[in-house]
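Subject: Structure handover

Hello,

Please find the structure below. My notes on it come after.

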Amino acid sequence: MTSHFDDLETRSADARASDQLAALKANVERVAAAPGACRIEAGAVGDLGDLQRLPVLRKSDLAAWQADKPPFGGIPVRNVAHVFQSPGPIYEPGGVSHDWWRMGRFLHAAGIGPGDVVQNCFGYHLTPAGMIFESGARAVGATVLPAGTGQTELQVQAAQAVGSTAYAGTPDYLKVLLDKADAMGVSLGIRKAVVGGGALFPAMRQAYADRGIACLQCYATADLGNIAYESPAMEGMIVDEGVIVEIVTPGTGDPVAPGEVGEVVVTALNPDYPLIRFATGDLSAVLPGQSPCGRTNMRIRGWMGRADQTTKIKGMFVRPEQVARLVARHEEIVKARVIARREDGRDAMTVQVEATGGAAADFADSVVATLKLKGAVEVVSPGSLPKDGLVIEDQRDYEVT
């Protein structure tokens with residue numbers, strides 16, 4: 001069995017649930033006691049199932065809160081060592097306590113530890129990615145070359161001089177670094193890579209493997225830190241021990257059926273920055289079973305697209321939240337899907353509803369009331385719509401001919 005970062009990774013499901021509930025309750029009480037209460041009341045959680053009844057926090061909400069109460073929107077933040085800014089702008093706190101962003105778990109899984117020199121090619125300017133991976137490297141006892149981005153020739157020289165053995169950065173920048181080294185006639189000693197912030201395509205991973213570099217990826221955000229990560233088993237991504245992950249229908253807080261694609265909603269158990277039910281805007285799905293590497297936490301399939309499917313149809317924006325309201329208006333409707341097409345040179349909208357009863361005409365008024373647009377309504381039998389996480393499907397061809 002592979003060695004593990006700590007005992008948390010191999011806990012039983014009952015032990016993990018008990019620990020998560022205690023941490024969640026403490027964070028809920030902390031948030032509820034803050035000015036404005038951030039829409040959560042004290043005592044709102046008695047068990048983990050109660051989490052699903054709490055409101056979902058979206059980036060748009062967070063931006064509005066921060067504009068009203070800068071920089072962190074009234075969320076009870078503590079032990080702040082750094083303040084970062086991400087596009088929006090959104091401000092995130094950063095701490096310097098041990099493995100504050102929980103990235104050490106991922107680096108350990110990738111085989112990085114004492115004796116390694118990590119060339120950290122994530123940015124250190126305003127955004128937290130550089131510090132996130134640096135804190136992970138410190139947590140596993142590795143040395144860091146804080147390279148940041150750009151100046152590739154200097155990076156190659158530095159990698160050779162200090163003996164970099166591992167790379168941290170986006171998947172494609174590693175190729176830029178290696179190609180530059182080849183052009184300079186320099187042989188680098190990088191044999192491990194931990195990547196994020198972009199797609200690691202199978203062909204790219206194989207190209208690195210062909211050069212003797214084992215490349216693993218994680219799923220992390222500036223707000224939450226590490227959410228999930230690959231182990232050498234490379235069967236999905238293992239959810240980090242410091243978060244609770246839910247997969248919900250986009251535009252709602254309602255969980256999807258096991259294995260179905262939905263939006264990733266994350267509750268951070270970090271007492272320094274207690275984000276509760278934070279919607280990432282990303283799609284994924286839960287994998288059954290546990291990883292062959294021995295880690296026992298839930299696994300997800302990794303990034304499967306964006307959940308924010310907001311689409312302009314006939315000059316009007318249609319949002320997943322509106323589709324959710326349509327479903328909620330009729331107890332017969334199980335699920336709905338909006339399809340945008342081009343017909344005779346114009347936008348056309350069809351709303352497919354899975355319903356246990358009723359005809360298209362019964363739902364037409366609700367479509368106009370919730371989506372603010374007229375469109376064709378098709379009633380389909382429950383279970384017939386694709387389970388791909390889409391509630392708005394844009395079938396229009398945008399290619400210019």
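The notes cover the pockets, one arginine and one hairpin.

This is a predicted model, in which local features need pLDDT of at least 70, side-chain atom pairs count only at pLDDT 80 or more, and totals for chains, interfaces and linings use all residues. Residues are numbered from 1 along each chain as its sequence is written, and side-chain values use heavy atoms, with hydrogens and water left out.

Pockets

A pocket here is an open set of points on a 1 Å grid over the protein atoms alone, where a 1.4 Å probe fits, with protein on both sides within 12 Å along at least five of seven lines; lining residues have an atom within 4 Å of a point. A volume is the space filled by probe spheres set on the points, which are joined across faces, edges and corners. Helices (H or I, at least four residues) and strands (E, at least two) are DSSP runs, numbered from the N terminus.

The largest pocket holds about 1200 Å³ of space. Its lining has 48 residues, and Tyr219, Thr221, Thr280, Asp282 and Arg306 lie nearest the centre. Two or more lining residues come from each of helix H2 (59-68), helix H4 (129-139), strand S7 (214-221), strand S12 (278-284) and helix H8 (320-329).

The second largest pocket holds about 490 Å³. It is lined by 24 residues, with Gln52, Ile244, Val245, Glu246 and Met298 closest to its centre. Helix H1 (13-32) and strand S10 (243-248) are the elements that give two or more residues to this lining; S10 supplies the largest share, five residues.

Arginine 299

Arginine 299 is in strand S14 (residues 299-300). Its relative accessibility is 6%, so it counts as buried (under 20% relative accessible area, 1.4 Å probe, protein chains only). A polar atom of the arginine 299 side chain lies 2.6 Å from the backbone oxygen of proline 288. Leaving out residues up to four places away in sequence, the residues that arginine 299 touches include Glu235, Met237, Ile238, Pro288 and Gln290 (contact means heavy atoms within 4.5 Å).

Hairpin

Strands S1 (residues 82-86) and S2 (residues 90-94) run antiparallel and are joined by five bridges; two strands pair if DSSP finds at least two bridges between them. Valine 83 has proline 93 in S2 as its bridge partner. Three residues lie between the strands of this hairpin, where glycine 88 takes a positive phi near 150 degrees.

Regards

Conventions:
Buried means under 20% relative accessible area, exposed over 50%, partly exposed in between (1.4 Å probe, protein chains only). A polar contact is a pair of N or O atoms within 3.5 Å; within protein, one must be able to donate a hydrogen and the other to accept it, and residues adjacent in sequence count only if both atoms are side-chain atoms.
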